[in-house]
Amino acid sequence: MTISEKNMANAIRALSMDAVQAANSGHPGMPMGMADVATILFSDFLNYDPKAPKWADRDRFVLSAGHGSMLIYSLLHLTGYDRPTMADIKDFRQLSSPCAGHPENFKLAGVEATTGPLGQGFAMAVGMAIAERHLNAHFGDDLVDHKTWVIAGDGCLMEAINHEAVGLAGHLGLGRLNVLWDDNGITIDGGTELSTSEDIPARYEASGWHVARCDGHDFDDIRRALSEAEADPRPSLVACKTVIGYGAPNKQGTSATHGAPLGEDEIAATREQLGWNDKPFEIQEDILASWRQIGAKGAAKRAEWEARLKAHSLSEEFERRMSGALPDQNMMQDYLEGLVQDPPKVATRKASEMALGALTAALPEMVGGSADLTGSNNTKTDSTKPLTKDDYSGRYIYYGIREFGMAAAMNGMALHGGIIPYGGTFLVFTDYCRGAMRLSAIQNSRAIYVMTHDSIGLGEDGPTHQPIEHVQSLRAMPNMHVFRPADAVETAECWALAIQRSEGPSTLALTRQGLPPIRHDVSVNLCEKGAYSIKAPENAQKVVLIATGSEVSLAMAVAAQLEAAGVGAVVISMPCTELFDAQTDSYKSDLLGGDDMVRVSIEAGTTFGWERYTGLNGLRFGIDSFGASAPINDLFAHFGLTAEAITPQILEKLG
Ligand SMILES: Cc1ncc(C[n+]2csc(CCOP(=O)(O)OP(=O)(O)O)c2C)c(N)n1
Ligand SMILES: [Mg+2]
């Protein structure tokens with residue numbers, strides 16, 4: 001017996017409304033509205049194999065409208081993924097379940113990206129589509145030949161990041177990216193006419209996209225529109241006209257179905273309306289069997305691909321890259337040894353460029369870029385030719401002035417696999433990237449942020465461009481490693497640590513201004529422990545100076561003055577507080593000294609939080625206001641960040 005597509009879709013509707021009701025929390029409207037479109041996508045278009053969810057050449061599917069999480073949980077269960085089980089779905093939104101409120105890629109193998117912050121799933125999918133074309137250019141159609149599909153809502157299209165993502169995808173001609181827009185005319189506050197009168201298809205067309213339309217409840221029409229999307233060489237938006245909460249007779253078409261359980265009465269009425277007689281969490285055998293058959297279709301394609309991989313001359317390199325393993329853990333050593341032969345006095349942004357020269361030559365998986373600050377961020381190397389619409393083999397992306405879009409695309413590339421993305425802008429504009437940086441951290445993705453112009457040291461551009469709270473606020477973000485290296489050696493060491501960190505993002509905070517070399521021994525990566533002593537006391541020790549980045553050389557100058565006054569001072573360079581915090585108690589207390597020491601922090605940013613290391617009795621030198629526009633030396637003097645200003649205050653404290 002063939003099961004009607006309507007009944008297949010109704011299985012999604014029933015699971016979604018019942019799971020939300022059981023949790024007494026969640027969003028039934030979107031899954032119920034998009035059930036028909038998703039049924040066609042998962043039946044006739046998407047290439048996937050529930051038994052091999054990480055098969056490298058699978059199509060990528062991103063539910064950008066992450067609040068509709070029950071849509072993907074239903075689909076994964078129905079098509080035969082190991083998880084979620086029906087028990088997992090019954091426990092939707094509970095601690096014990098991988099069916100979290102919004103989809104989390106680290107909880108379910110079938111979830112490609114963590115979504116929920118509207119607009120970001122779409123923008124990550126752009127990165128996945130870039131990754132696909134790039135790897136295709138290097139490994140060929142036999143190994144890489146897949147599509148990226150997205151379901152996005154009105155909210156995803158309204159967010160500012162959408163402009164960046166659409167612009168980038170159109171410019172790069174990402175024809176294998178297909179976005180299915182849940183065009184239901186409803187958001188939380190009510191009808192979309194409350195807040196928008198934009199001609200969305202016109203905007204997409206003007207950005208180089210193809211736009212198709214369909215009735216999102218007419219299976220043949222959906223199939224036609226998806227076929228058109230697939231065939232068109234441009235990225236495609238399919239406007240699927242749908243009714244939110246489809247099937248709920250009294251609530252459908254209204255925002256009442258968006259984010260609240262339908263209620264027992266409405267659920268009973270919906271069962272009647274849909275002709276769905278099964279109890280909650282029970283799916284008729286023949287309907288489930290039909291879904292499982294659909295899910296089993298991809299196994300043959302996957303097996304063919306595996307056979308091609310096995311026979312392929314590049315199989316080993318392809319598998320290495322997709323696994324994220326590095327060819328050599330020690331690829332910086334030659335470069336470091338060369339560096340100390342003739343230690344350069346360079347800005348750490350320049351040192352980063354030098355380190356990147358070595359890294360990008362050794363690691364073909366690195367794909368760099370900048371949000372229109374290539375010459376300032378020093379992110380481009382000889383090994384990274386531009387990646388363009390005409391040549392996807394390039395390894396450098398001109399992201400344009402799209403910081404948030406860049407960061408989200410980097411996440412997409414990292415999640416796709418086979419690429420280690422890095423991208424630059426000014427540190428102050430991490431505020432523009434922050435939503436995506438946070439998702440890098442949540443998703444454990446190896447995205448590396450090259451953030452230059454890291455303090456008032458940038459000079460005349462003034463307070464709008466001078467980071468104050470940025471380094472500390474990024475340190476406050478869980479799972480983000482923030483590196484602020486002090487010279488060229490530390491910069492190379494921090495780059496190595498960022499690259500070796502396969503399970504999370506890193507931010508490098510780099511100077512515009514030149515810095516003197518402070519490190520001359522490169523036998524061990526001293527940055528690995530997050531902080532280390534760079535100068536031992538000469539007199540009886542009374543002071544511990546803790547500094548980062550450009551202020552390490554300042555701390556050395558302060559220490560020299562203290563020693564001249566007979567006061568012993570140790571200088572600690574602390575390039576990464578997260579790594580330091582992870583050390584043993586004895587390492588930390590040995591380094592920071594006992595309570596008899598005056599501990600002093602020096603960092604050209606907020607002093608907020610530095611009492612964590614100085615104690616309340618210590619001294620903290622930094623900047624707790626916005627900066628100012630002036631030449632660099634005037635600024636450091638104005639804000640009291642000179643040895644002449646700092647040393648007397650320490651001596652006074654010592655009494
Ligand atoms: C960046 C961001 N802002 C706000 C929200 C809260 N939110 C979740 S869904 C939603 C409405 C989205 O409307 P739409 O995409 O049309 O979804 P639908 O109501 O059609 O399911 C909002 C404001 C969010 N998840 N992310
Ligand atoms: Mg909507």
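This is a predicted model: local features need pLDDT of at least 70, side-chain atom pairs count only at pLDDT 80 or more; totals for chains, interfaces and linings use all residues.
**Exercise 1. The shell around ligand 1**

Task: State how many residues surround ligand 1, which are closest, and how the shell divides by class.

Solution. 
- Step 1. Count the shell: ligand 1 is surrounded by 15 residues.
- Step 2. Pick out the closest, which are His 67, Gly 155, Asn 184, Ile 186 and His 258.
- Step 3. Sort the shell by class, which gives 6 nonpolar, 7 polar and 2 charged residues.
- Step 4. Look for secondary structure elements with at least two residues in the shell; these are helix H6 (154-158) and strand S4 (186-187).

**Exercise 2. Polar contacts of ligand 1**

Task: Find which atoms of Gly 155, Asn 184 and Ile 186 lie close enough to ligand 1 for a polar contact, taking 3.5 Å between N or O atoms as the cut-off.

Solution. 
- Step 1. Take Gly 155: a backbone N or O atom of this residue is 2.8 Å from an oxygen atom of ligand 1, which is within 3.5 Å.
- Step 2. Take Asn 184: here an N or O atom of the side chain lies 2.7 Å from a ligand oxygen atom.
- Step 3. Take Ile 186: a polar backbone atom is 2.8 Å from an oxygen atom of ligand 1.

**Exercise 3. The largest pocket**

Task: Describe the largest pocket by its volume, its lining and the classes of its lining residues.

Solution. 
- Step 1. The space in the largest pocket is about 580 Å³.
- Step 2. Its lining has 28 residues, and those nearest the centre are Met 322, Ala 414, Leu 415, His 416 and Gly 417.
- Step 3. Two or more lining residues come from each of helix H13 (315-323) and helix H17 (403-416).
- Step 4. By class, the lining of the largest pocket has 10 nonpolar, 10 polar and 8 charged residues.

**Exercise 4. Cavities**

Task: State how many cavities of 30 Å³ or more the structure holds, and describe the largest cavity and the second largest cavity.

Solution. 
- Step 1. There are 4 cavities of 30 Å³ or more.
- Step 2. The largest cavity has about 110 Å³ of volume. Its lining has 13 residues, and Tyr 48, Phe 61, Tyr 81, Gly 110 and Glu 112 are the closest to the centre.
- Step 3. The classes in the lining of the largest cavity are 9 nonpolar, 1 polar and 3 charged.
- Step 4. The second largest cavity has about 50 Å³ of space. Among its lining residues are Asp 454, Arg 484 and Glu 603.
- Step 5. The lining of the second largest cavity has 4 nonpolar, 1 polar and 3 charged residues.

**Exercise 5. Two backbone features**

Task: Locate the cis peptide bond between Arg 83 and Pro 84 and the positive phi of Asp 372.

Solution. 
- Step 1. The bond that joins Arg 83 and Pro 84 is cis, with omega about 0°.
- Step 2. Pro 84 is in the loop between helix H3 (69-79) and helix H4 (86-90).
- Step 3. Asp 372 is not a glycine, yet its phi is positive, at about 70°.
- Step 4. Asp 372 is in the loop between strand S9 (366-370) and helix H16 (374-377).

Definitions and conventions: Residues are numbered from 1 along each chain as its sequence is written. Chains are lettered from A and ligands numbered from 1 in the order in which they are written. Side-chain values use heavy atoms; hydrogens and water are left out. A residue is near a molecule or strand if one of its heavy atoms lies within 4 Å of it. A polar contact is a pair of N or O atoms within 3.5 Å; within protein, one must be able to donate a hydrogen and the other to accept it, and residues adjacent in sequence count only if both atoms are side-chain atoms. Helices (H or I, at least four residues) and strands (E, at least two) are DSSP runs, numbered from the N terminus. Ala, Val, Leu, Ile, Met, Phe, Trp, Tyr, Cys and Pro count as nonpolar, Asp, Glu, Lys and Arg as charged, and the others, Gly among them, as polar. On a 1 Å grid over the protein atoms alone, a cavity is a set of points where a 1.4 Å probe fits but cannot get out, and a pocket is an open set with protein on both sides within 12 Å along at least five of seven lines; lining residues have an atom within 4 Å of a point. Grid points are joined across faces, edges and corners, and a volume is the space filled by probe spheres set on the points.
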